[in-house]
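Look at the model as a whole before turning to single side chains. The text below goes from pairs of charged residues to the division into domains.

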Amino acid sequence: MPSLRALQPSKLRPTGRRTDGPDASSIHVPVARAMVDCGVYADGSRLAGKYTHAAAVAKVRELEADGVPAFVWIGLHEPDEHQMQAVADVFGLHELAVEDAVHAHQRPKLERYDETLFMVLKTVTYVEHESVAKAREIVETGEIMIFVGHDFVVTVRHGDHGGLAGVRKHMDSAPANCKLGPYAVMHAIADHVVDSYLDVTDLVETDIDAMEENVFSPHSTTDIEHIYMLKREVVEMRRAITPLTMALQRLGSDHNDLISKEVRRYMRDVLDHNTQAADRIASYDEVLSSLVQAAVGKVSMQQNVDMRKISAWVAIAAVPTMLAGIYGMNFDDMPELHWRFGYPAVVLVMVSVCYFLHRTFRHNGWL
């Protein structure tokens, strides 16, 4: 198999491995450092013991030679280029898929390389927060890449969430499912990820309901930036969920000759759940767009109210300003300038007109 071409460093958050120092690029970290678990399954049951990836493949080949259906499932967490290439050499993985597995930041997709399927899933988790106004992010995404052959499953996970320990435990306790082969593992992982989509959408809906209540509350102030932030998180979820539909359709298609009929049925059930999650996200996007328009209208209305109040007070203040300006010109021949009651009369006129304007504006709802 051709060697993997030079890859750029991953842009995901640091994994904790040191890369500094003059000889850091020449240090090869063992595959075991990135390996989460490695199990050998024979006739639906997991064999006892611990295996390296190479020893697991050798054991599977030995069992298959004896007529026992078997496969190996190895899980990796953020492997570097050397670790991933070492696994690829043993399992015969295509270099383009290996490159994607190292780089991450891929869209959900399904690709076929001869007798191997390569699937990319985006994981989504809900970030707990007191309120949207105090949250820095609502959802966090990661990735799971799955390589599936006739006798192996290689999963590569990127991100701090989306662990597959629960899926592996469930498969270990269900020999009937494991008997369906490696593609049953692919189904279990896809089902787990898609079910998490539904859980996260339920929680996001709570945030959207709270935001909707705030926008339409008569005595609340709405920061449009919070709606934009929530909409941005929904868009991120849409990018994780919607593209997966096509991949699941291909897996559940009757024309897929690699997957058994029974597993294809299960895949179509996962497709239904993913479509449901995608429909929810689309509706959330529409609701948030409406909330943005409502919030903008609310702000404009409040600005109009403020402008009316300002205009009303300016009109009231214009009366004494005008009278003071006229009588402040100090001409000798001005009406009532030397009248004994001229000053009280002018003040009385000011107060009366201002009172009349104030009553009028209050009656019309301007004040």
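A residue is called buried when its relative accessible area is under 20%, exposed when that value is over 50%, and partly exposed in between, using a 1.4 Å probe and protein chains only. This is a predicted model, in which local features need pLDDT of at least 70 and side-chain atom pairs count only at pLDDT 80 or more, while totals for chains, interfaces and linings use all residues. Residues are numbered from 1 along each chain as its sequence is written, and side-chain values use heavy atoms, with hydrogens and water left out.

Start with the charged pairs. Side chains of opposite charge can pair when their charged atoms come close. A salt bridge is counted here when a side-chain nitrogen of Lys or Arg is within 4 Å of a carboxyl oxygen of Asp or Glu. By this rule the model has 15 salt bridges.

One of them joins R61 and D151, with 2.4 Å from N to O. R61 lies in helix α1 (residues 53-65) and D151 in the loop between β6 (139-148) and β7 (152-158), so the bridge ties together parts that are 90 residues apart in sequence. Helices (H or I, at least four residues) and strands (E, at least two) are DSSP runs, numbered from the N terminus. Are the two partners buried or exposed? R61 is partly exposed, at a relative accessible area of 40%, whereas D151 is buried, at 2%.

A second salt bridge links R46 to D172, whose closest N and O atoms are 3.5 Å apart. Here strand β2 (residues 45-46) holds R46 and helix α4 (residues 165-172) holds D172, so parts 126 residues apart in sequence are tied together. R46 is partly exposed at 28%, and D172 is partly exposed at 29%.

The pair R265 and E262 also forms a salt bridge, at 3.4 Å from N to O. Both residues are in helix α9 (residues 261-327), three residues apart, which puts about one helical turn between them. R265 has a relative accessible area of 44% and is partly exposed; E262, at 32%, is partly exposed too. Elsewhere, salt bridges that share partners join D37, R46, R168 and D172 into one network.

D100 is in helix α3 (residues 95-103) and is buried, with a relative accessible area of 13%. Which residues does D100 touch, leaving aside its neighbours within four places in sequence? Its contacts are Q106, K109, F118 and M145, where contact means heavy atoms within 4.5 Å.

Finally, consider the domains. The protein is divided into domain 1 (31-299) and domain 2 (300-364), with bounds that come from an automatic or database domain assignment. Taken over C-alpha atoms, the centres of the two domains are 71 Å apart. Four residues from domain 1 and four from domain 2 make the contact. The area buried between the domains is about 270 Å², of which carbon and sulfur atoms give 35%; buried area is the accessible area (1.4 Å probe) that two parts lose on being put together, summed over both. On the side of domain 1, G297, K298 and V299 lose the most area to domain 2, together 89% of what that side buries. Across this interface the rule finds zero salt bridges.
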